[in-house]
Amino acid sequence: MIIDGKQAAAQLRVAIAQGVTALKESKGITPSLTVVLVGEDPASQVYVRNKAKQTTEVGMISNEIRLPVSCSQAELLSQLSSLNNDPSVHGILVQLPLPKHIDESVVISAIRPEKDVDGFHAMNSGRLLNGESGALVPCTPQGCIILAKQHLGDDLSGKHAVVIGRSNIVGKPVALLLLQENCTVTIAHSRTKNLAQVCQQADILIAAVGRAEFVQADWVKKGATVIDVGINRIEDAVTGKMKLVGDVDYAAVSDVCGAITPVPGGVGPMTIACLLKNTLEAAKLYG
Ligand code: NAD
């Protein structure tokens, strides 16, 4: 079975739009998201455009601040300070990656945790780790859990989940969310020995590696749920054109697993939808 991320994201956006209307009616608050883009990276420009479009489509206010690639770290921090202090801004997202002369970790810690809709601030990761309420949780990991539940239902307890990848953006937070769902969680990474055997244990296999078609069919237990986070651009062997593929050998693994997310059209669309979910949450909790 194919887990359709486009459809799940569309459904989530409908629910978010309803939440936005309810918040406007009950408290007179219209959630607003400000995206800060430094430089002119073409891929980042496309992401920012998509985010803006979807933000307004659910009835939120979308603002964009574009800074030149020459912008200093101090200038960016000063911009963030104004946004932190502006009560009409509920969500702040600094589009990554940043130019090399700017320290990403300094920038992330400068965003007020209550407005950190990417969920990367140490306060939010700490709250997630402690299982405290009020955490803004990273978007892609949230999307992974929603998609896994789409196939398996709401109760994931007791399932063995294997996450390949331990980044702060995907691997670690998705592992914590799976733990919250009472899964038995294994985190595999570049130093893991016998990766194939580790993966064969998984009822839920999450691949967040960044290596094209890395996960092979004989690593996957029959009937497992496979969530492919990877986005890799490779040349098509037949047409010679560039195409997007995930971290899983989709065609081969599809024959073995119970359900799988495609690339594109799986986890990707959920990421922006969960960003809007976080913005609504931030406006509700702290607006
Ligand atoms: P990252 O490079 O920060 O982390 C990759 C992880 O993979 C590392 O923790 C590393 O230990 C592990 N790894 C590398 N080689 C390995 C190997 N041979 N065996 C086992 N583990 C290995 O990447 P990231 O930011 O976590 O992103 C992972 C992938 O997900 C990338 O393709 C990225 O483009 C994609 N991504 C997609 C979305 C989305 O919205 N769908 C969002 C974020 C990232």
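The points below take up the basis of the values, the ligand and then the pocket.

1. This is a predicted model, in which local features need pLDDT of at least 70 and side-chain atom pairs count only at pLDDT 80 or more, while totals for chains, interfaces and linings use all residues. Residues are numbered from 1 along each chain as its sequence is written, and side-chain values use heavy atoms, with hydrogens and water left out.

2. The ligand has 21 residues around it, of which Arg166, Ser167, His189, Arg211 and Thr271 come nearest (a heavy atom within 4 Å counts as near). By class, this shell holds nine nonpolar, ten polar and two charged residues (nonpolar: Ala, Val, Leu, Ile, Met, Phe, Trp, Tyr, Cys and Pro; charged: Asp, Glu, Lys and Arg; polar: the others, Gly among them). Helix α10 (residues 267–286) gives the largest share, three residues.

3. Oxygen atoms of the ligand lie 2.5 Å from an N or O atom in the side chain of Ser167, 2.8 Å from a polar side-chain atom of Thr271 and 3.1 Å from a polar backbone atom of Ile231. The protein buries 72% of the 860 Å² that the ligand exposes when taken alone (Shrake-Rupley method, 1.4 Å probe).

4. The ligand takes up the space of the largest pocket, whose volume is about 1,400 Å³. Of its 50 lining residues, Tyr47, Thr140, Ile231, Gly268 and Thr271 are the closest to the centre (a pocket is an open set of points on a 1 Å grid over the protein atoms alone, where a 1.4 Å probe fits, with protein on both sides within 12 Å along at least five of seven lines; lining residues have an atom within 4 Å of a point).

Terms used. A polar contact is a pair of N or O atoms within 3.5 Å; within protein, one must be able to donate a hydrogen and the other to accept it, and residues adjacent in sequence count only if both atoms are side-chain atoms. A molecule sits in a cavity or pocket if more than half of its atoms lie within 2 Å of its grid points. Helices (H or I, at least four residues) and strands (E, at least two) are DSSP runs, numbered from the N terminus. Grid points are joined across faces, edges and corners, and a volume is the space filled by probe spheres set on the points.
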